[in-house]
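Reader: I am new to this structure and would like a friendly tour. Could we take it one question at a time?

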Amino acid sequence: MAAARRKTTEFLIATEKCVGCLECQMRCSVVHHRVFNPQLANIRVTPAKNGASYYTIAYLDSCLKCGSCVRACSFGTLVFGASEGPA
Amino acid sequence: MTGNGFAGRILFVDVTTAATEVRPLDLDEARRFLGGWGMNAKLAYDLVPPRCDARAPEMPIIIGSGVLTGTSAPSTPKAFITTKCPAAGTVTTAVSGGDFGARLKWAGYDHLVITGCAAQPSYLYIRDEEVRLLPAGEFWGQDIYDATDALLERHGGDCSVACIGPAGENGVNIAMCLDNKLATFGRTVGANLGAKRLKAVVVAGSRGVGVADHKRFLKIAQQLEKKFADDPLREKWTKYALFFIAPMWAKAGHFITNNWSEVCSEERVNEHFGPEDFTAVKESTLSCPSCRSGDKASIRFEDLNGQQRQTTISCPITLVHGIGSRLGIYEMRDTTILHDRANRLGIDALTFASMLGWLRDLQRRGLLAETATDGAPLDFSTVSVVDWMEKTARREGFGAVLAGGYLHAIKTLGPEAEEHALQIKGTEPDFDARVSFGVETFGSVTNPRGGHDMPVGGLTVAVGRKPEFFLKTAQKMGFPPEALSAHIFSPEGFDLGRFQAHYENWCTVINCLGICFRMQCTRLYDQEVCAALYGAATGLTMTPAELMEGAERAYVLYRMLNAREGFSRADDRFPRQWFTPLKRNGGSMPLMDYFKKRPISREDAEAILDAYYEEKGWDVATGTPTAATLQRLGLSELLGVGV
């Protein structure tokens, strides 16, 4: 699929903007596995134990950098790096 | 993986024996009642023993997820708890956002049915096929925030924890259940969980949920997502939550004080609870899964000991609408302290504040001795109100009267006290009809659950809308063609009773699908989109008209569930106070129609109720669906119930 072929190298994460909607995880899983299942996503959003941000966000090594998560983010938490742009 | 939007399974847990059983979801039945909220009603009809005590071990607590919950359809997080209200005796459904519904679905269950009574305080842990009843141990007695944090620490951050506080443990009738310290199963269900000695239900899942046509589903979801992104008000919703319309609500008169008798000073509300007052204490925006316009929040406050603290709030406007105005407390810090304490204890802050206002009114009228409230008259200093919350949660002294909720308190305090209690089936309404007599306030009379508005908040909370707005909205909501006529709509307005009859079906569509009722979300949905998403998820072609019919079937079942418990038109009562004008700035606000063109007397209100039942196809005298209506909806098996 087009999203998987796209070679994006950098996503910027602004954790303080994360609201915990988990849409990045759901979108990643449905694009790559055809199921809404955050456990299959290549990005993980978990409640932060301490600190100013309410959530922590981490990409797994298995991430294909397709950018689905960035396009799914409605809150500006995930954005493409300066040299990138939406497909 | 493909699927049909449903997890396809129901988990039954008997906490007396810790026995579990997984049964397949009857897909034909789920679709007949749309699923989600509707299927919860169907399960309740099948499983709730008629006229059974709400706290009896055999009384089920039925938890369900919306059909679209757990997917990327925008703002579809809803979970439902259906059980019997301990005080009122109604069998009703509490609706919550949060992530419990999604995680239950991802664990592979559309519904969870809990029966029995645990031998010792326990909590239920569910992770896919692993279902365990574990000792609550040190969590029992802890407040909701501490217990939730500890359970998340133990079981992982991918869990949702639906938890009760000391109030629920002690059987307080106005106890609620909180999902991950944020989303509320409000009003009463905390007592139901407490009766089963269940501190919490912890759920996490890795099975996920598939839909029939994921490409089509995503395409529709993304089109909706764009509507959210393009909403010119979206930035205000997410930044200020409902505080950005607080000045409009203050102007309309929605903030009411002194036991529902007087509108708060507009200036006073604006001075302390303006949009910028909220952002000054707000730490971050929080949302439910799949939301594109979240307005829950984490906020900072200084506690009674001067310590800087942080807390979470589902609907921030509650600080002034549900707590501050009702108690006459006009400082953000104080109302935040009270909200935080209520959340921690697991007390429904709205009902608690409304009841305290009522009791102080009784003392002022000489109907309740000043010494009756543990030796001293009620005062509404923050310290004192916190103290009453603690006593209520522990059922200590006069706190036991508050703990009983309106109906038990009325039994204790007598008929004169009842005269001054603004409640419907034991619960105060969210809004007052004298400010706006519309679907939220009229709906709180017809709702089997008592003084609650159905979902799709805000349709007539916003005052001054033109008649043509409602006709356009009705088309969007899928009112049948015969209802889109002079029968209901005219250039001067609409027939509220008949409008409500169809509007409740739309609300039921929203509920069954699991769509959030907050206005920034629901207003972007319409009947076509709902039908399209339902079809793409389930693989079942469903026209908007069929969707509305399924919703009507589910709502009728909900009504019949309560008819079986003995409820009828006699219980759909307008509060007496609504026929006495509200005081405002030396003037008054009598009950008027929504368009403020004519006063509404009790006789007028009863005539509106007549029209509502008639439009529903329900018997006007009893408020029960007629045989013809039951047969039209394929519910002949309910003939004779409740008669």
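Author: Gladly, and please keep in mind that this is a predicted model. Let us begin with a tyrosine: Y55(A) has a relative accessible area of 12%. Buried means under 20%, so Y55(A) counts as buried.

Reader: What kind of aromatic pair do Y54(A) and Y55(A) form?

Author: Over all chains there are 35 aromatic pairs. In the pair of Y54(A) and Y55(A), the ring centres are 5.4 Å apart and the planes make an angle of 65°. Planes over 60 degrees apart count as edge-to-face, so this pair is edge-to-face.

Reader: How is chain A built, and what pattern does chain A follow along the sequence?

Author: Chain A has three helices and four strands. Of its 87 residues, 47% are buried. Among its contacts between residues at least 6 apart in sequence, 54% join residues at least 24 apart. Read along the sequence, the pattern of chain A is α-β-α-β-β-α-β.

Reader: Is E16(A) buried or exposed?

Author: E16(A) belongs to the loop between β1 (11-13) and α2 of chain A. Its relative accessible area is 54%. The cut-off for exposed is over 50%, so E16(A) is exposed.

Reader: How far apart in space are E16(A) and T56(A)?

Author: Along the sequence, E16(A) and T56(A) are separated by 40 residues. In space, the distance from C-alpha to C-alpha is 9.0 Å.

Reader: Now to the two chains together. What area do chain A and chain B bury between them?

Author: The size of an interface is often given as the accessible area lost when the parts come together. Here 24 residues of chain A are in contact with 38 residues of chain B. Carbon and sulfur atoms hold 56% of the buried area, and the total is about 2400 Å².

Reader: Which residues of chain A lose the most area to chain B?

Author: Three residues together account for 26% of what the chain A side buries. They are R34(A), F36(A) and Y54(A).

Reader: Which residue forms a salt bridge with E23(A)?

Author: Across the interface of chain A and chain B there are two salt bridges, along with nine residue pairs in polar contact. In the salt bridge of E23(A), the closest N and O atoms are 3.4 Å apart. The partner of E23(A) is R292(B).

Reader: Which element supplies the largest share of the side of chain A that touches chain B?

Author: Both α2 (23-33) and α3 (68-72) of chain A supply at least two residues each to that side. The largest share is five residues, and it comes from α2(A).

Reader: Which ring does R234(B) lie over?

Author: There are examples of a charge over a ring both within chain B and between the chains. Within chain B, the charged end of R564(B) sits over the ring of Y45(B), 4.1 Å from its centre. R234(B) lies 5.0 Å from the centre of a ring in chain A, over the face of F75(A).

Reader: Is T382(B) buried or exposed?

Author: T382(B) is part of helix α15 (residues 382-394) of chain B. Leaving aside neighbours within four places in sequence, T382(B) is in contact with L304(B), D334(B), I337(B) and L338(B). Its relative accessibility is 11%, and the cut-off is under 20%, so T382(B) is buried.

Methods:
Residues numbered from 1 in each chain as written. Chains lettered and ligands numbered in written order. Predicted model: local features only at pLDDT ≥ 70, side-chain atom pairs only at ≥ 80, totals over all residues. Heavy atoms only, no water. Phe/Tyr/Trp six-rings, centres within 6.5 Å; stacked < 30°, edge-to-face > 60°. Buried < 20%, exposed > 50% of the residue type's maximum accessible area, 1.4 Å probe, protein only. Lys NZ or Arg CZ within 6 Å of the ring centre and 35° of its normal. Contact = heavy atoms within 4.5 Å. Buried area = accessible area lost by both parts, 1.4 Å probe. Salt bridge = Lys/Arg side-chain N within 4 Å of Asp/Glu carboxyl O. Polar contact = N/O pair within 3.5 Å; in protein donor to acceptor, adjacent residues only side chain to side chain.
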